[in-house]
Amino acid sequence: MMTHSRRDLLAMFASTAVLRTAAAAGRPQPNILYIMADDHASHAISAYGSAINRTPNLDRIAQGGVRLTNCFCTNSICTPSRAAILTGQYSHRNGVYTLDDKLDPKHNHVAKELQRGGYQTAMIGKWHLATDPTGFDYWNILPGQGVYYDPTFIKFGERKKYTGYCTDLITDFTLDWLKQRDAKKPFFAMCHHKAPHRPWQPAPKYKDLFNGQTIPEPSNLYDHYEGKARAVADVKMRVGENMTRTDVKQDIPADLHGDALRKWAYQLYIKDYLRCIQSVDDNVGRLLDYLDAEGLASNTVVVYTSDQGFYLGDHGWFDKRLMYEEALRMPFLMRYPAGIKAGSVNRDIVLNIDFAETFLDYAGLKAPADMQGRSFRANVEGHTPKDWRKGMYYRYWMHNDGDHHVPGHYGIRTDRWKLIYYYGKPLGMTGAHPPDTEAAWELYDLRHDPREMKNLYPDAKYGRVVRELKGELERLQREAGDAPA
Ligand code: CA
């Protein structure tokens with residue numbers, strides 16, 4: 001017969017008590033490891049069918065969990081998307097409209113709610129919200145954009161320069177924090193990479209990766225913007241033409257122009273972009289290995305995403321901002337063996353403002369009423385609510401900045417259609433007065449034209465579709481608390 005020591009009995013009693021507490025709360029509070037890259041488009045992840053690279057470690061998350069195919073950001077640019085993710089609010093609610101806005105440190109957000117709900121919280125890597133983080137038990141962030149090589153970090157307000165590669169260091173600091181955490185409490189760790197943001201500087205070990213290879217070009221690399229709004233045809237995000245020496249790491253030959261320049265520059269920048277991603281993939285693998293080794297994988301929600309998508313030569317562009325698919329779509333891979341079926345795919349329209357409420361749902365905590373998203377826990381667990389959204393509202397506020405010249409715009413995307421309005425004015429921008437652009441509408445049929453090459457708005461045949469979409473756009477805009485331009 002087995003005998004129990006007093007210590008064993010106490011341990012048994014304690015674990016029963018923990019289970020009772022968890023049962024009383026409905027479910028145990030899982031750990032949440034949130035890994036976010038910067039500008040990593042889903043079509044540069046092999047789990048999403050990438051034609052240009054392999055990402056075995058990101059694929060591990062997809063294989064063990066769910067891949068979201070219609071996860072979208074509500075404002076496709078770094079600082080505003082980060083604020084939307086944290087606060088669960090659109091830009092016009094959280095006050096972070098453009099790159100020049102700051103997140104008010106007093107503003108509520110998901111980490112504060114989780115912290116109050118018993119989580120230990122950490123923010124490591126690229127923060128990019130101008131003010132110091134609040135709501136984190138530990139934070140160690142890059143100043144602003146940060147740099148790739150030998151970066152400086154700010155830990156609790158103190159600056160220190162480190163030797164090494166940014167992506168490796170961010171992972172080192174995340175692992176260091178995980179190792180010293182209080183194992184009795186659940187954790188919420190935000191591990192935010194700088195990579196693969198411009199200027200796409202790879203780790204020394206990957207500087208020769210893809211050498212001698214030709215990376216496949218997107219089918220619309222040589223788009224000349226026929227039929228698109230004039231302000232869109234004028235944006236300064238063209239591969240080659242709008243790049244600098246820093247982007248391609250060499251002098252741009254003076255005799256190269258137009259499509260030939262685009263072809264030449266595409267190979268250079270995309271290879272560096274993909275080399276940066278290879279380090280992100282390696283480092284995600286290190287975090288997954290740690291969870292495995294510590295027996296944490298089964299009770300940890302792991303997320304991999306990016307603050308928005310990116311044009312990988314699509315429409316001849318790099319960068320993001322415009323509401324076309326490649327910039328609008330965020331990669332979103334999520335693993336939680338206790339609730340999410342391995343290798344599943346979800347096609348519901350999910351937004352960056354939904355992340356906060358989803359994490360609170362997993363933590364068994366009630367989301368504050370002023371968060372504007374909705375938990376998609378049921379969706380990723382295979383039970384999409386009947387009344388789930390059929391369309392999404394998007395707005396890019398940073399009108400016609402001196403660098404990229406992207407017009408301010410808003411629009412609606414449904415499963416089939418996209419309607420965009422470029423309103424031509426610098427609305428919602430503090431301190432800046434960029435020139436107006438020509439106002440225009442665009443309509444795309446995503447079912448028959450997934451690359452968004454043919455603007456159907458001028459075609460009278462689509463009058464009824466346009467009227468219905470305008471009505472729905474107005475409704476979504478009002479529901480979000482925003483107003484027409
Ligand atoms: Ca970004």
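Trainee: Is Cys166 buried or exposed in this predicted model?

Mentor: Cys166 counts as buried, because its relative accessibility is 0%. Cys73 is likewise classed as buried, also at 0% relative accessibility.

Trainee: How many disulfides does the structure hold?

Mentor: A disulfide is a covalent bond joining the sulfur atoms of two cysteines. The structure has zero disulfides. For Cys73, the closest cysteine sulfur belongs to Cys71 and lies 8.3 Å away, so the gap is too far for a bond. Cys166 is in no disulfide either, and its nearest cysteine sulfur, that of Cys276, is 10 Å away.

Trainee: Which residues coordinate the calcium ion?

Mentor: The donors come from Asp38 (OD), Asp39 (OD), Cys78 (SG), Asp307 (OD), Asp307 (OD) and Gln308 (OE1), at 2.2 to 2.7 Å. Along the sequence, the spacing of these donor residues is D-D-x38-C-x228-D-Q. Asp38 and Asp307 thus bring together distant parts of the chain, 269 residues apart. Asp38 sits in the loop between strand E1 (31–37) and helix H2 (56–64), whereas Asp307 sits in the loop between strand E9 (300–306) and helix H10 (325–328). Asp38 and Asp307 are both buried.

Trainee: Why is the arrangement around the calcium ion irregular?

Mentor: Ideal angles for six octahedral donors are 90 or 180 degrees. Here the six donor atoms subtend angles of 52 to 161 degrees, and the arrangement is therefore irregular.

Trainee: Why is helix H11 described as largely enclosed by the rest of the structure?

Mentor: Helix H11 spans residues 355–362, and seven of its eight residues are buried, which means that the rest of the structure largely encloses the helix. The buried residues are Phe355, Ala356, Glu357, Thr358, Phe359, Leu360 and Tyr362. After H11 comes Gly364, with a positive phi near 75 degrees.

Trainee: What does the domain assignment give for the protein?

Mentor: According to the domain assignment, domain 1 covers 17–203 + 267–384 and domain 2 covers 393–480. The centres of domain 1 and domain 2, taken over C-alpha atoms, are separated by 27 Å. Contacts between them involve 29 residues of domain 1 and 30 residues of domain 2.

Trainee: What is the mean pLDDT of the protein, and where is the pLDDT below 50?

Mentor: The mean pLDDT is 94, with 94% of the residues reaching 70 or more. Residues 1–25 have pLDDT below 50, and this stretch makes four contacts in the model beyond near neighbours in sequence.

Conventions:
Residues numbered from 1 in each chain as written. Predicted model: local features only at pLDDT ≥ 70, side-chain atom pairs only at ≥ 80, totals over all residues. Heavy atoms only, no water. Disulfide = S-S within 2.5 Å. Buried < 20%, exposed > 50% of the residue type's maximum accessible area, 1.4 Å probe, protein only. pLDDT = per-residue confidence, 0-100. Contact = heavy atoms within 4.5 Å. Donors = N, O, S within 2.8 Å, 3.2 Å for Na, K, Ca; no water. Tetrahedral: all angles 85-135°; square planar, octahedral: opposite > 155°, others 65-115°. Helix = DSSP H or I, 4+ residues; strand = E, 2+ residues; numbered from the N terminus. Domains from an automatic or database assignment.
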